2 protein chains.
Amino acid sequence: MMSLSQLHPFDPLTPEDITVCANILRNAIPGATLRFKRIDVLEPVKGETVPYLEAERSGHALPPKPARLLFSYFHRMDTGVFHKAVVNVNGQIVYIKELPKDIQGPADIDELIEVEEACMKHPAVLAEIEKMQLPPGFKVCNDPWIYGTDSDSETRRLAQCYMYIIEVDHPESNHYSLPCTFSPVFDQITKELVRMDYLPTGADGQVQSTQPWKQVKGVQYAHDLLDEPIRTDLKPYVVQQPEGPSYTINGREVNWQKWKFRVGFNNRDGLVLYNVTFDGRQTFYRLSMCEMTVPYGDPRKPFHRKQAFDAGDVGFGITANSLALGCDCLGHIAYFDGYRTDSKGNPVLLKSVICMHEQDNGLQHKHTNYRNNVATVVRNRELVVQMICTVSNYEYILAWVFDQAGNIEHEVRATGILSTMPIDNHEGVKVPWGTNVGPGVMAANHQHLFSLRIDPAVDGHNNTVFYEDSVALPVDAELNPFGVGYVSRPTVLSKAGYADLSVQNGRVFKIRNDSSINPISLKPVAYKLHAAPSQMLLMDPSSFSSKRAAFAQHAIWVTRYQDDELYAAGEFTNQSRVDTGLSVWAARDDNTENTDVVLWHTFGLTHNPRPEDFPVMPCERISVMLKPDGFFTKNPALDVPASTQKFNRSTLHEEKQTAPCCAPKL
Amino acid sequence: MMSLSQLHPFDPLTPEDITVCANILRNAIPGATLRFKRIDVLEPVKGETVPYLEAERSGHALPPKPARLLFSYFHRMDTGVFHKAVVNVNGQIVYIKELPKDIQGPADIDELIEVEEACMKHPAVLAEIEKMQLPPGFKVCNDPWIYGTDSDSETRRLAQCYMYIIEVDHPESNHYSLPCTFSPVFDQITKELVRMDYLPTGADGQVQSTQPWKQVKGVQYAHDLLDEPIRTDLKPYVVQQPEGPSYTINGREVNWQKWKFRVGFNNRDGLVLYNVTFDGRQTFYRLSMCEMTVPYGDPRKPFHRKQAFDAGDVGFGITANSLALGCDCLGHIAYFDGYRTDSKGNPVLLKSVICMHEQDNGLQHKHTNYRNNVATVVRNRELVVQMICTVSNYEYILAWVFDQAGNIEHEVRATGILSTMPIDNHEGVKVPWGTNVGPGVMAANHQHLFSLRIDPAVDGHNNTVFYEDSVALPVDAELNPFGVGYVSRPTVLSKAGYADLSVQNGRVFKIRNDSSINPISLKPVAYKLHAAPSQMLLMDPSSFSSKRAAFAQHAIWVTRYQDDELYAAGEFTNQSRVDTGLSVWAARDDNTENTDVVLWHTFGLTHNPRPEDFPVMPCERISVMLKPDGFFTKNPALDVPASTQKFNRSTLHEEKQTAPCCAPKL
């Protein structure tokens, strides 16, 4: 048993935290039933945390820990009022406040199940199903969808249920291949049917009443359900670490190849990295994928409301998969757990939601001296810390990858199943905003726009973000007579705000510490952001989709650090009408030079589906890197042992190769 | 022994080819000594090759093979005239032609060694070395550099020798850390000293005579020469394939996971892939990294001439490393050899210059049915075909990576040692066009601009290149009332020419076959190019650097196929003054719609060095992908077996994790 005093400030939510918080709040509001949407640890106050970390790092006596606070979002079931509360784990209430009616908290898992069940029982829904005259054995299911906004006055908590046909009784039957043409909207609190929407199936917005279903065969992905045989020529590929892994774990602290960091977890961000140091030097205070929005480009009603904020509306933490040995990773795997509350305030274990393992990623560096063919070859060992989130149909694989040369990569892989719509493609219908991906089924164009929140501590907390363009020198008889010269031109982001990438200018964003000068380069130490150039949000500036996701309009945002400013689109995104995050904080005109700053990078995918993305999508990969740039005086991986056959034990392929070693018969 | 008739049209140069070609040419020019710069197989005529491949693919009777022709670049030593010849392996001369005096052939390895030796013996060079008054035991060496152009009238074949100090007698002593301040220019034919250049060491172009060397310590990379200890906490990571690899090899033909292709090799491109098919369907006729230019951004004399074309001036093939088991790759490795001629016409084996192995690259696809938590997980097995080229100081790792979902990636990793210049940084000197990377040593800004030549055969040879932009629909009460709609807008490249990428518009280039319609999407089958958005050439349009490398001014070029048009900057790049490649061919105004087209993609790195890139550079990675886009009717990797522990045999990490599983003591 670990006492409270043993918990590190960055340790995640414990089951006891959940019980304590729920009890405090129930006691504070006697007589009312509370429906808990979220209980989690409040980020520790940075001003109190930094001295603690600094003492840890320097080995000095530890100051008092920052207070461990918990927060909760909950509904009072008697009044229907939505609340936020903050409590101290020792039992004190910091505050309980009622939130305005137009603020919706995130989805909770119990709620989604309840809505799904209510939908399947509702007579109006059953009547629509009846009209389809499905063959015997066919069933219908629904995915309750986040109800993106199209009104400034809607204050009900709504879910749009997209309905699908299950053609076979199998746990992985791909209902997304067989969408129905009706879509009921439910009030999530009262479970009342608000409206029955009908979905367009032609090339325009026209809808019609539910018709008998024209039977088509679904496109299945489960191996049991494929018509084609499974490949038999794939041979096993086994990763062995006979001496164990190169990492050590102490609680949530990881040590690996000069890196040290803490593996945090919360219900919203999921995986968070804290206090990342390399060889004892500070690099980043906190790193997380803080938000993502998925707006769809089908202009037709009701699809215009398809805009999920997967972190803010639901949560990468609560949707993180329990990972399984030998499936999601290869090699020597460590797992980390998390917890969430259920709607009644009971702890739910989120087992093995983060995994960690080493991987080989080709060469780290090589040089051959051509005079004597003596080569130095060093392989690139990496450490991957990963979660995989299932948000209804889609999957996101979100991984932090550390290497031995001071680089930190954030890799996103999008997989899972496209969100689908019905279409009359047997009649040759195509639409310009989507792709037909199977019989009777279309997948609309959409974007995935992520916000990576980078809270730097490059040799300390006073940092400056700037960018450098590579620009040609003008031709000049004295300085540049041959017209080949080019230089880096720096621009400091001295005020909070945003900036755009520029591939054309070779623009690179960097975070520097003006108080720490590299003795070799004679410039301030820095880390650079190897950004992912991406198309920004395509929706019209007048649209709710755009107003809610201001963060998705620019690739780079810089703000001055403030506690509680963690999420790019603001604290509450579910049915939000306007951004309450980055665009607000960036407008404060704060000084951001040589102070505690936060860098936010928006990047993502414009995903116009391919038939190949269905019925389950090959991973689409996008990545961002943080790379030292004059942080070290030389390559920090020089001391990595050489790559040798004795260490690596590879196998020579001896298959007979007949050509081209023999003589032509002339 | 394999007879000539057994050689496949795409089989690379054999030692017998070299002997045959050299003998034919010597017999044709009796009395003269010939210096061979290159002997290689001439690409078979496509019009004769396609029917042969088609018969192979369909299993029909094979037509006659296309003629196997060889070509050679050589100097007549008596006249000094440079020639090109083409001969038939059966002994006939197709042609021998004299080339104009202003055309220089590529470097040959014997020549580089001869220049290096001539330089080290020359009295003027020895006199300069003497002036440095080096400590006992210190030596000097030189790298002869390709002599980039600054004159329309220079017809001598020149080399600029950059001189360096070797501080320790070790085969991997990093002389690049200790550059000298003088740089002799030699005539490569006569071995005469043409001029002694002196290098600027301050913040401008001023030079001075050679001074006594101010001793500094070089920055070493060899493990023997490091001051710091080698890391001892990296544990072995072993890849085992107990049942062998999933590939089979027949001659140069590879079969792997529905892919079939031929591994070609020539002295210039190095690795070439031919006749790439997936599940029997044609995708690409020929794929190769056909050129790369590295212009440097230091405007000062003589650095303005630093512009190498590593494929055209030297050759990725002849600089490809002999790869070693357990060093360059991990797992079950197959190797392919190549051959080159020496300057006398003798064959030289290029042992194990291409390697091939499988690797695991995380997940291929995953979906979890959230209702029952049943997951389909399929891992992403890849096949890597790779070469590593050492071009003096730099290394390039050039790999083709196939996956199971129809994707082909071309990955470039740049590593090796920066090209360096002397600098007085002990006096605080910095320059805006480079970075100080060690005591007395600076590395200038430069670019690496690659040209990937993609000769498609998407379901056949008549293809069309087009691009699609993702563009917002205008807000419209009828069609787009909520302002969220966006569509793909196609533009066909119907004439030979160039185009630019546009991140802002989400522009995607595709290759389609209008005669083959996908029955699901109802659109022509296509492959798309997942391009690498890169800053294009920075040098002034008036500069030789720019005029020689027109290909590097635009990201996309489309030409109509013609035999012999293989290299983006033209056939002869060494000391070239103007592009004779893409900009010429693209100006022909050929129709490129629904015909045999070639797509060329220019991409690369603007590399403004970091101190971390020295003394040997952590790999900088950039990649391009070819992805099916409506080529298949669904995900072609659905039939890949699931990822299971039984197959993968991973290990659970059991280290005790103390938090956060225990109760706080309240």
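This is a predicted model: local features need pLDDT of at least 70, side-chain atom pairs count only at pLDDT 80 or more; totals for chains, interfaces and linings use all residues.

Which residue's side chain does R262(A) meet in a salt bridge? Its partner is D11(A), with a distance of 3.6 Å from N to O, where a salt bridge is a side-chain nitrogen of Lys or Arg within 4 Å of a carboxyl oxygen of Asp or Glu. Side chains of opposite charge can pair when their charged atoms come close.

Residues are numbered from 1 along each chain as its sequence is written, chains are lettered from A and ligands numbered from 1 in the order in which they are written, and side-chain values use heavy atoms, with hydrogens and water left out.

Chain A is assigned domain 1, residues 4-98, and domain 2, residues 248-477 + 486-640, with bounds that come from an automatic or database domain assignment. The centres of domain 1 of chain A and domain 2 of chain A, taken over C-alpha atoms, are 27 Å apart, and their contact (heavy atoms within 4.5 Å) involves 31 residues of domain 1 and 36 residues of domain 2.

The size of an interface is often given as the accessible area lost when the parts come together. Here, buried area is the accessible area, found with a 1.4 Å probe, that two parts lose on being put together, summed over both. Domain 1 of chain A and domain 2 of chain A bury about 2,600 Å² between them, and 54% of that area is on carbon and sulfur atoms. On the side of domain 1 of chain A, the residues that lose the most area to domain 2 are F10(A), E43(A) and K46(A), which together account for 26% of what that side buries.

Five salt bridges are counted between these two domains of chain A. Across the interface of domain 1 and domain 2 of chain A there are also 13 residue pairs in polar contact, both residues being at pLDDT 80 or more. A polar contact is a pair of N or O atoms within 3.5 Å; within protein, one must be able to donate a hydrogen and the other to accept it, and residues adjacent in sequence count only if both atoms are side-chain atoms. At least two residues each of the side of domain 1 of chain A that touches domain 2 come from α1 (15-28), β1 (34-41), α2 (46-58) and β3 (82-88) of chain A, and α2(A) gives the most, with seven residues. Helices (H or I, at least four residues) and strands (E, at least two) are DSSP runs, numbered from the N terminus.

Two copies of a chain are related by a rotation about an axis and a shift along it. In this model, chain B can be laid on chain A with an RMSD of 0.0 Å by a turn of 180 degrees and a shift of 0.0 Å along the axis, which is the relation of a two-fold axis. Such copies are superposed by least squares on the C-alpha atoms of residues with pLDDT of at least 70 in both. In chain B, V239(B) has the C-alpha nearest the axis, at 2.3 Å from it.

How many residues of chain B are in contact with chain A? There are 210 of them, and they are in contact with 211 residues of chain A. Because 100% of the interface residues of chain B are also interface residues in chain A, the copies meet through the same surface. Chain B and chain A bury about 17,700 Å² between them, 55% of it on carbon and sulfur atoms, and R231(B), Y237(B) and Y486(B) supply 6% of the area that chain B buries against chain A, more than any other three residues.

Across the interface of chain B and chain A there are twelve salt bridges, and one salt bridge joins the side chains of K366(A) and D328(B) at 2.8 Å, N to O. The side chains of E116(A) and R371(B) also meet in a salt bridge, at 3.1 Å, N to O. Because E116(A) lies in helix α3 (residues 109-121) of chain A and R371(B) in the loop between β17 and β18 (374-391) of chain B, this pair joins two chains.
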